[in-house]
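Please look through the structure below with its ring-bearing side chains and its surface charges in mind. The paragraphs after it take these topics in turn.

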Amino acid sequence: MEISVRRDIILNLEVVDLLNNQVMMEQQASSKYLAMASWCDQRELRNSATYFYNQAEEERTHMMKIFKFINDNGGNAQSPTVSEITHEYESLQAVFEASLDAEIEVTKAIHHTFKTARKVSDFTSEIFLQWFITEQAEEEEKVRDILDMISLMGDMPLKMIDERIPTA
């Protein structure tokens, strides 16, 4: 069966490959956040669990936004596969540190894709990616603030720390 072409591709093919990689990274992040939510739920850290469930959904939304952007602009979005996901953590702080590491990894990939789009004059992708750059800065700041709060609270009981975790 032949694939009917809805429209000509207006994106640079190298950028499309990077965007498809970003789709995979966003899905991977969503799955990581689900595992983190489960870890927190098992320990009855309700606010932290809610925070990570919300993050999982947000990452899935980001994935779909990029996926649809690729297809809407004549590209071929690829459905991502998810590789191994860690389900065990030493502490709540370790969970949030892993979250920050994941956000930094996503940020670096978005910056690389943005730079590539700029280099090859793919202005459509460059403009699209600007929103993600702002979003990633906010996401990293949010996790850094939580880690600072956990550090400041020191040896307080986990329940007291969890009560101060923002759920939105």
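Rings of Phe, Tyr and Trp, the last by its six-membered ring, count as a pair if their centres lie within 6.5 Å. The model shown here is predicted, and it holds eight aromatic pairs. One of them joins F128 and F132: the ring centres are 5.3 Å apart and the planes meet at 55 degrees, so this pair is tilted. The label follows because planes over 60 degrees apart would count as edge-to-face, and planes under 30 degrees apart as stacked.

Is F132 buried or exposed? Its relative accessibility is 0%, so F132 counts as buried. W131 has a relative accessibility of 37% and therefore counts as partly exposed. The cut-offs behind these words are under 20% for buried and over 50% for exposed, with partly exposed in between.

Elsewhere among the rings, Y33, Y51, F52 and F96 are linked into a cluster by ring pairs.

The charges come next. Which residues form a negative surface patch? They are E138, E141, D145 and D148. Of these, D145 lies in helix α4, which covers residues 123–153. D145 has 44% relative accessibility, so it counts as partly exposed.

Notes
Residues numbered from 1 in each chain as written. Predicted model: local features only at pLDDT ≥ 70, side-chain atom pairs only at ≥ 80, totals over all residues. Heavy atoms only, no water. Patch = residues over 30% accessible without salt bridge, like charges linked within 9 Å, V, L, I, M, F, W, Y side chains within 5 Å. Areas by Shrake-Rupley, 256 points an atom, 1.4 Å probe, with all protein chains shown as cover. Salt bridge = Lys/Arg side-chain N within 4 Å of Asp/Glu carboxyl O. Lys, Arg positive; Asp, Glu negative; His and termini not counted. Charge placed at Lys NZ, Arg CZ, Asp CG, Glu CD. Helix = DSSP H or I, 4+ residues; strand = E, 2+ residues; numbered from the N terminus. Buried < 20%, exposed > 50% of the residue type's maximum accessible area, 1.4 Å probe, protein only.
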